[in-house]
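Colleague: I'm new to this one, could you walk me through it? Please keep it plain.

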Amino acid sequence: MPYLRFKGFSKEYLHSVAPRLIEEFAQLVQIDKSMVKIETLLTEAISQVPLSLEILLFPRKQEVHDAVAAKFNQILRESGYEQVHIFFILLSPYVYYKNGEPIAHRQADEDTEPAFKHKLELS
């Protein structure tokens with residue numbers, strides 16, 4: 001955790017750029033590189049679908065999300081990918097389970113944006 005999921009990119013390209021993506025992401029999000037997972041999603045487009053990058057992680061400050069999107073956009077543009085949609089799927093440590101137990105009281109809880117935690121507590 002977290003997951004970087006690419007749609008529409010070749011496996012060869014992703015293998016070549018993965019070390020840089022992992023390094024940059026881990027530095028920006030301030031996590032250990034071993035935690036970053038990269039996947040390619042094989043989908044069948046029914047209509048025109050843009051290349052995309054889904055980033056699944058626990059919420060961070062807006063500035064961190066912005067910095068990650070900007071850095072990945074830069075890296076992808078350097079490789080000739082001009083029109084990539086980058087979006088975040090924010091997960092909650094309160095409903096993310098390892099071995100059947102929520103990880104809410106682990107490190108992820110401390111990293112979660114306070115406003116997001118407050119919203120979850122009100123729900």
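Modeller: Here's a quick tour, from the overall layout down to single residues.

Modeller: This is a predicted model, so local features need pLDDT of at least 70 and side-chain atom pairs count only at pLDDT 80 or more, while totals for chains, interfaces and linings use all residues. Residues are numbered from 1 along each chain as its sequence is written, and side-chain values use heavy atoms, with hydrogens and water left out.

Colleague: Okay, how many helices and strands does the chain have?

Modeller: Four helices and six strands. Helices (H or I, at least four residues) and strands (E, at least two) are DSSP runs, numbered from the N terminus. In order from that end, the elements go β-α-β-β-α-β-β-β-α-α.

Colleague: And what share of the residues is buried?

Modeller: 33% of the 123 residues, where buried means under 20% relative accessible area with a 1.4 Å probe, counting protein chains only (exposed is over 50%, partly exposed in between).

Colleague: Now helix α1. Where does it bend?

Modeller: At V17, by about 50 degrees, and the proline P19 follows within four residues. The bend is the angle between axes fitted to the seven residues ending at a position and the seven starting there. The helix covers residues 11-29, and after it comes Q30, with a positive phi near 65 degrees.

Colleague: Which elements do the buried residues of α1 pack against?

Modeller: They pack against β1 (3-7), β2 (37-41), β3 (51-57) and α2 (62-78). Among the buried ones are Y13, V17, L21 and F25.

Colleague: Switching to the strands: is β3 mostly covered or mostly open?

Modeller: Mostly covered, with six of its seven residues buried. β3 runs antiparallel to β1, joined by five bridges; strands count as paired if DSSP finds at least two bridges between them.

Colleague: What about β3 and β4, which sense do they pair in?

Modeller: Parallel, over seven bridges, with β4 spanning residues 84-90. L56 sits opposite I89 of β4. The chain gets from β3 to β4 through α2, and that β-α-β crossover is right-handed, meaning that with the strands pointing away from you, the path from the first strand over the helix to the second runs clockwise.

Colleague: How many residues are in the largest nonpolar core?

Modeller: 20. A nonpolar core is a set of buried Ala, Val, Leu, Ile, Met, Phe, Trp, Tyr and Cys residues joined through side-chain atoms within 4.5 Å. β1, α1, β3 and α2 each supply at least two of this core's residues, and α1 gives the most, with seven.

Colleague: Which residues does F72 touch?

Modeller: Setting aside neighbours within four places in sequence, F72 is in contact (heavy atoms within 4.5 Å) with L4, L21, F25, L53, I55 and I86. There's also a second, separate core of six residues, including M1, F58, Y96 and I103.

Colleague: One last thing, H65. Buried or exposed?

Modeller: H65 is in helix α2 and counts as buried because its relative accessible area is 8%. Beyond neighbours within four places, its contacts are L57, P59, R60, F88 and L90.

Colleague: And L57, where is that?

Modeller: In strand β3, and L57 counts as buried because its relative accessibility is 3%. Again leaving out neighbours within four places, the contacts of L57 include M1, P2, V29 and H65. L57 and V29 are 28 residues apart along the chain, with their C-alpha atoms separated by 9.8 Å.
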